[in-house]
Amino acid sequence: MKKSIYTIVFTIATGLALTACGVTQKGTIDSSVEAGTSTKAVTLDENHATEAAAVNVEAGFPLRIEHAYGETVLFTQPERVVAISWENGDTPLALGIAPVGVSEANYGARTENRLHAWTDAAFQKLGIHAPKVFNDTDGWDYEAIADANPDVILCAYSGITQEEYDTLSQIAPVVPYKEEAFQTTWRAQTIENATALGLQKDGERLVEETDALIRKKTASYPEIAGKKTAFMWFSAEDLSRFYVYLPADPRAAYLEDLGMILPESIYRMAEGQNAFSLAVSRERAEELKDVEMIVMYGDSSLLKALQNDKLLLQIPAIKNGAVVLLDQNTDLAAGVTPSILSIPYTIDDYFEALREAAEKVQ
């Protein structure tokens, strides 16, 4: 069974080998959806479109949203919201809207509802104690998504393919990423998802408030400011190569939000690359002599293995132990891929972990 690209991004985090991109459907869609006749399909008849435009003109509808696969038209403000892939449901929740279905959390600590703590807490605050959660780690559960009867499907931060987009669009209008898979920052994710709900200004306000929080917290940790820090992934089973997350990835971009600097050596390695991560041979470790700190998934045994490797020991962060180790069973392991809700929930823990690593920089 091939894994979806959504799963592939996080196999790096969990230590599994990268596999080819694909799509595995769970169940089938009812015949009306397969035939493209679902009442939630993007294509509406002309009379319906005209009526919808007249009713919603003051709210900014019909709304046209351009993205990687063309354009999605929303004729009316969505009421039933489905959000798939990483934390896209956090935007409507932060805006006081409870999605009728969201993807389960597939990394980090999870609640009984199979969600991250901040997402579950937001549902609870809105009076939803048993939210609909899709088990779509190995492929979108199209049948369950269709059963949720959505007016819109949000996935601004995701890796859905053209084929997946086309299939989902038979269920409801889909709002995917603007340009590249898994290269949507938390700010863009928030604003793009909010825009699809007719709440762009509210999304922008959430971003401004969160930026203010980040600035306030950053000022309390001056020892972290300016540290040359990289987000990497290593596997103890195979140290012959490792992965470096690039600025296009939200994890690396978030480090810069918190006051750190991506090492110049990584920019040189990534020149000409249009990806969220870069595979690096162990033999090139000597090129990373400006890496003062590293954030990575793993535990002390993995760090010990890295420090026992003569080539990897050339990286200052590894030699000095200036490393943030992310236990896969913690909130922070998930929170380092930030969302509008995860940032305030985990930022203090992240800063404390970064401070401890910064103390070891030499």
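Predicted model: local features only at pLDDT ≥ 70, side-chain atom pairs only at ≥ 80, totals over all residues.
Which residue stands opposite M232 in β11?

Five strands form an open sheet, and their order is β10-β9-β8-β11-β12. The pairing in this sheet is mixed. At the edges are β10, residues 277-281, and β12, residues 323-326, and each of these pairs on one side only. From one strand to the next, the twist averages 30°.

Now to β8, which covers residues 229-235. It has two partners to go through. On β11 the pairing is parallel, with four bridges. Here is the answer to my opening question: M232 stands opposite M296 in β11. With β9, three bridges are found, and the two strands run antiparallel.

Is β8 buried or exposed? Seven of its seven residues are buried, so β8 is largely enclosed by the rest of the structure. In a regular strand the side chains alternate between the two faces of the sheet. In β8, T229, F231, W233 and S235 point one way, while A230, M232 and F234 point the other way. The residues of both groups are all buried.

Next along is β11, residues 293-297, which is joined to β12 by four bridges, again in parallel. In that pair, I294 is opposite V323 of β12.

What lies across these strands? Helix α12, residues 300-307, lies across β8, β9, β11 and β12. Helix α15, residues 342-358, lies across β8, β11 and β12. The angle to β11 is about 130° for α12, and about 130° for α15.

Last, a pair of helices. These are α8, residues 186-196, and α9, residues 200-219. Their axes come within 7 Å and cross at roughly 160°. Angles over 145 degrees count as roughly antiparallel, and α8 and α9 are therefore roughly antiparallel to each other. The crossing of α8 and α9 is right-handed. On the α8 side, the contact is made by W186, R187, T190, I191, A194 and T195. On the α9 side, the residues are Q200, G203, E204, L206, V207, T210, D211 and I214. By class, the contact has six nonpolar, five polar and three charged residues.

That is where I will stop.

Conventions. Residues numbered from 1 in each chain as written. Heavy atoms only, no water. Pairing = 2+ DSSP bridges. Axes fitted to C-alpha atoms, helices over the stretch in contact; angles between N-to-C directions. Contact = heavy atoms within 4.5 Å. Parallel < 35°, antiparallel > 145°, perpendicular 65-115°, else oblique. Left-handed = near helix turned anticlockwise from the far one by under 90°. Nonpolar A, V, L, I, M, F, W, Y, C, P; charged D, E, K, R; others polar. Buried < 20%, exposed > 50% of the residue type's maximum accessible area, 1.4 Å probe, protein only.
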